[in-house]
Amino acid sequence: MIPDASSTSVEAWSRPRAPQWSFIASLVIVCLGAVVVFTMTQWLDRYAVTLCALLLINAALAVSLTVSNGLSGLFSLGHPAFMTIGAYVAAILTFPATRKGTMLPDLPEWLAAIEAPMLPAVLLGGGVAGLVSLVVGYAVLRLKGHYLAVATLGLIIVVQGLVRNWDGLTRGGSGLSGLPRHVDIWWAYGYLVIVVALAWRIKYSSLGRAIMAVRENELAAECSGINSARLKILAFSVGAVLAGVGGALTAHLISVITPGTFSIVLAFNLVVMVVIGGAGSITGAVLAAAGITLLSESLRPVEEAANLYGLSQVVVAVCLIAVLYMRPSGLFGSGEPSIVKRIFGGRGQA
Amino acid sequence: MLEVRELNVFRGATHVIKNVSFNVEEGQIAALIGANGAGKSTTLLTLSGLLRPRSGTAVFRPDAQEVDLTSAPSEKIVRAGLIHCPEGRQIFHSMTVRENLEMGAYAQLDQKLVSKTTAEVLELFPILAERSGGMAGSLSGGEQMMLALGRALLAQPKLLLLDEPSLGLAPLVIERIFDVIAELRRRGVTILLIEQNAAMALDLADTAFVMETGSIVLSGSGADLALNDKVRQSYLGGAA
C-alpha cells in the first residue's frame, strides 16, 4: 500500500528550485547596499565612514565565526590570533620598502624589497592564517567544548607573544604604524558581500548540511559516511582564512597594527555577536554585529560626557544576558528568517 | 560476506573484545546476543571503522570488492555498503525528518537511485512521509527508530549493522521494526543484529552468536540456540 502522501512528497523533494531568481534578487540587494555605501561616502565625515567600514568588517568577521563555530558547533576563540597573523603578513608585504630597512632589519632581502599591492597582500594574509589553522586545527580539534575554547585562547596568547618578541620582523610591542591606507569602505563592503555569499553557499550546500550533522550528532554523521574530523578542520580553516583577511583589512583601514590590536576582548565580542544572532544564523551574525558596534560606538560620547568609561561593555553584557534569557538560542536560532531565505534562496525549513 | 578473525579491541586499557571470530553469510540475518557490557556494541563500532582493533582481521566482501575494515576509513566503509545504525537511534534532532533521510544518502552520487530508495523507505514507513517537514526531535521513540532505519537504508546497505533496534520501544513497535528487518532480508540485505531481546532476535536469525565478557561463547543457528539450555537460562528467562 502506497499512501498518496509519500509519492507527492517524493516529487517535492526532488523538485528543482529556481536559482536564477534568487541570484538576481541577491544582486539587486548587493547593488542597493552599494548605493547606501556611496551615499555614506558623500554625506558622512571621514571618521563616520571609517566607523561604518569597521562595522562592515566586524559583521563579516561575525559571519566567518558563524561558519567555523556556529555551523560546526566548535567553540573556538581563536579568531583574533588568525586576524593578527593575517594583518602582520599583509602589513609586512605592503609596508613602504624605503622604511622596511630601518624598521624591520631582520626581513630577508626579497621581502624587504617588496611593496605589494593590497589585493595579493590580503590574500596572502588570509592564506597564511589558513595554513596556521590547518596545523593548529589538526592538533586542537580533538578537544571539545571548553577545552577547545581554552586551547584557542592560548593560541591568541602564543601569537601575541610571538609578534611582540620577534622584533626584527614585527617591530615588537610598538607595532607597525603608518601602513598605507589602502582600505576604504568599499573594500569593507566587498569583503562583507564575499563572506556572506560564501557562508550562505556553504550553509545551504550538502557540505554545510554535513557540517551541521557533525554538530548535531557526530556518531550518526560518521555512520552516514561523513569524515567528521576533516569537516571540522575545514570549517575551522575557512573561518581562519576569512579572519586573516579581515585582520589585514582592518590594519590597512586604521593604518596601524600592534600585537594587542586584536585581543581576547575581540574574541569575546565576536562570540557574543554570534551568540546573540543565533549560532549558525548568518542574518543573525550580521545584525548582531551591526547592532553591537553601533551601540558601543554611540555610547562612547555618553561615556566621555558622564565620565563613565566601560559603560558600553556593561550595556553589551546586559544585552547578552537579556537575549539569552528571552531567546536562549539567539535571535534567529541556527536558521535564517524566512523573508531573507526567500530572497537569497535557502532551502529546507530549519 | 563478513569475515572476522581473532579480533582484539581495547577501549583505553580495557580489553573489550577478546579473540572474536565469526562469519556472516550473504542474505542472512545474524544475531549477536549477550548481556550489557559483553562487547556487542564495541564489535559493531569496530566493524564500521569508528574504533580500531589492536589485532585481528575483519574483511567485508560485497560483490567482487574486498574491504579491510581494520584500516579503511569509515566513510569508505559506508560507501562500500556496510552501514551501521548505531545504538540509541542517534537521529539529528534539530533537523527535519526529510533532512535526516537526506543525510543517510550523503555518500550517494546517483540521484535517481536516491529518490527511488526514498520512495521505498517512505512506503515502508508512511509516518515519515507525513512528518517529513517536522523536526526529527519531536517524533516519538518508535518513529525515531523508523527514521534511523530509513536513514540507514538510504545509504544503500549491503550489510546492515543494527545495534539494539528494540531499545526502549513499546512491544507493538518492536514487532513492527522486526517485521521490517525480516522484509529487508527478503530484499537481499544482509543483517548483523545486536539484541538484548534475545527471544525475538533468535526467532528471526539464521545464525546467532552469544557473547560474554568479550568472547563468543556459543554459536549456531537461531533455532538451535533458542533451545540451548544455557541460552534459555541466561537470556530467555526459561527454566533449565
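What percentage of the 240 residues of chain B count as buried? In this predicted model, 49% of the residues of chain B fall into that class, and for chain A, with its 350 residues, the corresponding value is 45%. The two chains are described below one after the other, followed by the contacts between them and by some individual residues.

Chain A contains 17 helices and 2 strands, and its C-alpha atoms fill a box of roughly 85 × 45 × 40 Å along the principal axes. Its radius of gyration is 21 Å, which agrees with the value near 20 Å that a compact globule of 350 residues would have. When contacts between residues at least 6 apart in the sequence of chain A are considered, 80% of them join residues at least 24 apart.

Chain B, by comparison, has 10 helices and 10 strands, and its C-alpha trace spans about 50 × 40 × 35 Å along the principal axes. For 240 residues a compact globule would have a radius of gyration near 18 Å, and the 17 Å found for chain B agrees with this. Of the contacts in chain B between residues at least 6 apart in sequence, 65% join residues at least 24 apart.

Six strands of chain B form an open sheet with mixed pairing, in the order β6-β7-β8-β3-β9-β10. The edges of this sheet are formed by β6 (82-85) and β10 (215-221) of chain B, each of which pairs on one side only, and the twist from one strand to the next averages 15 degrees. Within the sheet, β7 (residues 159-163) and β8 (residues 190-195) of chain B are paired in the parallel sense over 5 bridges, and B:Leu161 stands opposite B:Leu192 in β8(B).

Two helices of chain B lie across strands of this sheet. Helix α1 (residues 40-47) of chain B lies across β3 (29-34), β6, β7, β8 and β9 (207-212) of chain B, and runs at about 145 degrees to β7(B). Helix α7 (residues 171-186) of chain B, in turn, lies across β3, β7 and β8 of chain B, with an angle of about 155 degrees to β8(B).

A further pairing in chain B involves β1 (residues 2-11) and β2 (residues 14-24), which run antiparallel and are joined by 7 bridges. B:Leu2 has B:Val24 in β2(B) as its bridge partner. The two strands, β1(B) and β2(B), form a hairpin with 2 residues between them, and B:Gly12 in the turn has a positive phi of about 65 degrees.

Between the chains, 34 residues of chain B are in contact with 25 residues of chain A. On the side of chain B that touches chain A, at least two residues are supplied by each of α2 (74-80), α3 (97-104), α4 (111-124) and α5 (126-130) of chain B, and the largest share, 5 residues, comes from α4(B). Sorted by class, this side of chain B has 15 nonpolar, 12 polar and 7 charged residues.

The largest nonpolar core has 173 residues, and those with the most contacts inside it are A:Ala62, A:Ala188 and B:Leu193. Helix α13(A) gives the most to this core, with 14 residues. Leaving aside residues up to four places away in sequence, B:Leu193 touches B:Ile29, B:Ala30, B:Ala31, B:Leu162, B:Ile181, B:Ala201 and B:Ala205.

Helix α13 (residues 228-254) of chain A also contains A:Arg230. This residue has 13 other C-beta atoms within 10 Å and is therefore partly exposed, since the partly exposed class lies between the limits of 12 or fewer for exposed residues and 20 or more for buried ones. The C-alpha atoms of A:Arg230 and A:Ile211, which are 19 residues apart along the chain, are separated by 9.8 Å.

Two residues other than glycine have a positive phi. A:Ser255, in the loop between α13 and β2 (256-257) of chain A, has a phi near 60 degrees, and with 15 other C-beta atoms within 10 Å it is partly exposed. B:Arg89, found in the loop between β6 and α3 of chain B, has a positive phi of about 70 degrees. B:Arg89 is buried, because 27 other C-beta atoms lie within 10 Å.

Definitions and conventions: Residues are numbered from 1 along each chain as its sequence is written. Chains are lettered from A and ligands numbered from 1 in the order in which they are written. This is a predicted model: local features need pLDDT of at least 70, side-chain atom pairs count only at pLDDT 80 or more; totals for chains, interfaces and linings use all residues. Two residues are in contact if their C-beta atoms, placed from the backbone, lie within 7 Å. Helices (H or I, at least four residues) and strands (E, at least two) are DSSP runs, numbered from the N terminus. Ala, Val, Leu, Ile, Met, Phe, Trp, Tyr, Cys and Pro count as nonpolar, Asp, Glu, Lys and Arg as charged, and the others, Gly among them, as polar. The radius of gyration is taken over C-alpha atoms; the globule rule is 2.2 Å times the number of residues to the power 0.38. Two strands pair if DSSP finds at least two bridges between them. Axes are lines fitted to C-alpha atoms, for helices over the stretch in contact, and angles run from 0 to 180 degrees between N-to-C directions. A nonpolar core is a set of buried Ala, Val, Leu, Ile, Met, Phe, Trp, Tyr and Cys residues joined through C-beta atoms within 7 Å.
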